Amino acid sequence: MQEFEETVSEDIFEEENGEMNDETVDSPSAEASVGTDTEVVLGRGLDVGTANLVSSVQDVDGNVGIKIQRNAFIDIDCDDYTKSMLTRLNVQYVVLDGKMVVVGDPAFELANIFNRATRRPMKDGMISPNESDAMPIEKMLLRTLLGDPQVDGEICYFTVPAEPIDAEMNVIYHQGVFAGLLKSLGYTAKPLVEGHSVVFSELAEDDFTGIGISCGGGMFNICVAYKSIPALSFSTTRGGDWIDRNVANVLGISTSRATSIKEKIGNLQTPQNREEEAVEIYYRNLISYTLENIKKRFESSQGMPAFPDPISIVCAGGTSMIPGFIDIFRDEFENVKFPIEVAEIRMAEDPLYSVSKGCLVAALSES
Ligand SMILES: Nc1ncnc2c1ncn2[C@@H]1O[C@H](COP(=O)(O)OP(=O)(O)OP(=O)(O)O)[C@@H](O)[C@H]1O
Ligand SMILES: [Mg+2]
């Protein structure tokens, strides 16, 4: 209990009034954080992810400010006992439709206490069909991250997945709902395909030519770009969650346990036990599946550009953050007869924020 008290984030909500204050979830590890008094330039980036929502702004000196929040919440029946417990634990909440709602990281802590799962508004990269009534909460989360626009109709680029190749979902509804939420907050919402966003944030020195891959929780998003124009964009519904589900299945453990094992691995190349070996097996499979699909799509699509020089592949997203990821990626790359000459395979500078920063680049170039 003590540990919990120390780790909850503070002041996420204004208690009980259905509104959150927006001065909280500053990322602890953002490269350069923008203070609340700093003047920021027009244009926002927003990464709408299955696991995390990440917003970005830039101040007049060029520093980028990032805010991140888990895209999850828990709702608890409203009774006096729970109310006083949350107050004692210093967990902020809102009351919505007679339920007490806690969002973000504290929701995970509470889920453990109550032995329940958190609710997740998105699944496999898009609005979850089971959670469509969670959109008012999603709107509150977006307000926490973005605050009010500085001018009416300030541009906010937000990510959408590319069409998935292995699922019957389309992105139209998902894109429309998030555009609507942002509009209702006063922004002009502009969609950007997630892989393209990685190209914007990571491939400037390569003249925006190369392959950006966002390795997310729900999906992998891939974009092959030539001089900033996407030549090929697609997504797969295999990501970190897919690894967790499979590891959980083969080991007979819960998915949250599998996630925890995965996120604590010291090095994916040197698994220490049967559990870690299972994680490595699924990581390898996921990477080779991604590379094979890039190859297949590239070879079967019309009008692919001829790349005059060898290109770079850049990996971003939480799923790429496991130590050893890029070495395993290079390993698996050797097994694929790749159709484009590749000079370098590297990690994004800041894997968890890269997608949001790409949206910011797009927004700044237009604002
Ligand atoms: N250190 C780590 N090692 C391994 N996996 C990690 C680590 N940190 C985070 N992850 C995984 O990263 C995933 C979340 O990544 P990310 O925030 O990029 O996803 P997202 O953008 O929310 O999802 P998507 O783009 O698929 O909608 C989760 O599956 C999480 O388990
Ligand atoms: Mg993502």
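Let me start with helix α6, residues 194-202, where nine of nine residues are buried. Buried means that 20 or more other C-beta atoms, placed from the backbone, lie within 10 Å of the residue's own. The buried residues run Glu-194, Gly-195, His-196, Ser-197, Val-198, Val-199, Phe-200, Ser-201 and Glu-202. Helices here are DSSP runs of H or I, at least four residues, numbered from the N terminus.

A word on the source. This is a predicted model, in which local features need pLDDT of at least 70, side-chain atom pairs count only at pLDDT 80 or more, and totals for chains, interfaces and linings use all residues. Residues are numbered from 1 along each chain as its sequence is written, while chains are lettered from A and ligands numbered from 1 in the order in which they are written.

Now Ser-197 again: Cys-359 touches it, along with others including Gly-45, Tyr-157 and Leu-192. Contact means C-beta atoms, placed from the backbone, within 7 Å. Cys-359 is also among the residues with the most contacts inside the largest nonpolar core, which has 83 residues. Such a core is a set of buried Ala, Val, Leu, Ile, Met, Phe, Trp, Tyr and Cys residues joined through C-beta atoms within 7 Å. Helix α9, residues 274-300, gives this core its largest share, eight residues.

Last, ligand 1. It is surrounded by 22 residues, counted when the C-beta atom, placed from the backbone, lies within 6 Å. Among the closest are Gly-49 and Gly-318. Helix α8 gives the most to this shell, three residues.

Notes:
Helix = DSSP H or I, 4+ residues; strand = E, 2+ residues; numbered from the N terminus. Buried ≥ 20, exposed ≤ 12 C-beta atoms within 10 Å, placed from the backbone. Contact = placed C-beta atoms within 7 Å. Lists of a residue's contacts leave out its neighbours within four places in sequence.
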